[in-house]
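Here are some questions about the labels used for a structure. Each answer sets a value against its cut-off.

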Amino acid sequence: MEQAQTAGTRMRAALRGQGRYILLAGIIAGEFLLFGVAAPYFLTVGNLFNILRQVSEIGMISIPLTFLLLSGHMDLSVGSIVGVCGVSTGMILRAGGSIPLALLAGIAAGTAVGFLNGLIVGKLKIQAVVVTIGTQVLFRGLCYILTSGRAVSGYPAAFFTLGTGDVLGVPISVIVLLVMYAAAWLVLEKSWFGRYVLAIGNNQNTARYSGIRVDRMKIALFTLCGALTAVASAFLISRLSSAEATLGSGYELDIITAALIGGIDINGGSGKLQGTFLGILIIGILRNGLNMMGLSVIYQSIILGALLLAAVADLGGKRAKP
């Protein structure tokens with residue numbers, strides 16, 4: 001009898017823990033129902049695959065950004081990093097460089113600017129929000145200098161396979177996204193690195209006294225964010241066939257909104273990667289459905305802003321981390 005009660009208690013606790021994810025899945029189902037009725041072509045196979053392609057790039061960036069949020073930090077420069085990496089990759093391709101060389105150059109650029117963010121935050125002890133607002137403007141300005149305000153295009157045909165190709169009908173970018181999420185989940189849930197991230201998010205001082213090299217972890221997290229953002233930028237310019245100075249603008253707000261909707265504590269230390277994944281799907285489906293309904297980008301921004309406020313209000317009762 002006692003064992004049955006214990007099992008029941010555990011089951012109820014598990015269901016409570018999964019409550020947010022059940023709610024998010026319900027929201028996704030509601031979006032499909034709403035847009036399926038309001039937009040005749042929303043539920044076509046072609047559009048559903050289009051949604052998956054569109055969310056794959058921000059999904060890739062959401063992985064390292066979720067790690068940063070869980071550690072109690074934020075990177076508002078990821079949209080500009082997409083621009084820097086995409087333009088760098090595109091310029092080498094246009095100049096006749098090989099695809100591997102262009103991809104490596106883009107990843108190197110992302111790693112370098114991510115390392116710069118981490119170095120300033122970790123070693124100079126400046127708040128990540130302040131640092132990345134500054135580097136957001138800096139990197140975007142660099143994009144305009146590199147492109148002179150013109151689109152960078154003229155890539156080899158083989159490069160377009162990255163963003164538009166598929167394997168057995170599944171877009172390559174979606175396969176890469178799922179592999180990255182699976183690997184990131186294992187790191188976060190099963191490795192010392194994931195435990196350190198959560199420990200820093202819960203209390204930096206306690207983590208430091210426990211022997212965790214907090215500054216090095218910050219540098220590693222921002223560097224990882226830059227590198228994976230570069231990977232996403234390669235898929236993006238392959239799908240769009242060009243790179244512009246404005247490439248990636250607004251991505252940071254979409255991803256942060258998705259993470260907060262998914263239950264990531266903006267103060268750090270609490271949340272699951274699967275919550276971010278569901279949040280990304282909600283944002284992607286919402287944008288696609290509103291576009292098909294012909295709703296202006298202005299009104300889309302208002303809706304997303306309201307979602308962000310709702311997510312922050314939901315998590316606002318949690319304590320701030322020192």
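**Values and labels**

Just after helix α3, G72 takes a positive phi of about 90°. This is a predicted model, in which local features need pLDDT of at least 70, side-chain atom pairs count only at pLDDT 80 or more, and totals for chains, interfaces and linings use all residues. Residues are numbered from 1 along each chain as its sequence is written, and side-chain values use heavy atoms, with hydrogens and water left out.

Q: How do you know that the end-to-end distance of α3 agrees with its number of residues?
A: Helix α3 covers residues 45–70, 26 residues in total. The expected span is 1.5 Å times one less than the number of residues. Helices here are DSSP runs of H or I with at least four residues, strands are runs of E with at least two, and both are numbered from the N terminus.

Q: Where does α3 bend?
A: At S56, by about 35°. The bend is the angle between axes fitted to the seven residues ending there and the seven starting there.

Q: Why is α3 called largely enclosed?
A: Buried means under 20% relative accessible area, exposed over 50%, and partly exposed in between (1.4 Å probe, protein chains only). In α3, 19 of the 26 residues are buried, so the rest of the structure largely encloses this helix.

Q: What makes α3 and α11 roughly antiparallel or roughly parallel?
A: α3 and helix α11 (residues 214–240) pack at about 175°, with axes 8 Å apart. Angles under 35 degrees count as roughly parallel, over 145 as roughly antiparallel, 65 to 115 as roughly perpendicular and the rest as oblique. So α3 is roughly antiparallel to α11. Among the contact residues are R53, M60 and L68 of α3 and L221, L228 and R239 of α11. Contact means heavy atoms within 4.5 Å.

Q: Why are α2 and α13 described by their angle as they are?
A: Helix α2 (residues 19–38) and helix α13 (residues 273–292) pack at about 15°, with their axes 10 Å apart. The two are therefore roughly parallel. Axes are lines fitted to C-alpha atoms, for helices over the stretch in contact, and angles run from 0 to 180 degrees between N-to-C directions. In α2, Y21, L24 and F35 are among the residues that meet α13, where the partners include Q274, L281 and L290.

Q: What makes α8 roughly perpendicular to α9?
A: The axes of α8 (residues 172–190) and α9 (residues 192–202) come within 5 Å and cross at roughly 65°. That makes α8 roughly perpendicular to α9. V187, L188 and K190 of α8 make the contact with W192, F193, G194 and R195 of α9.
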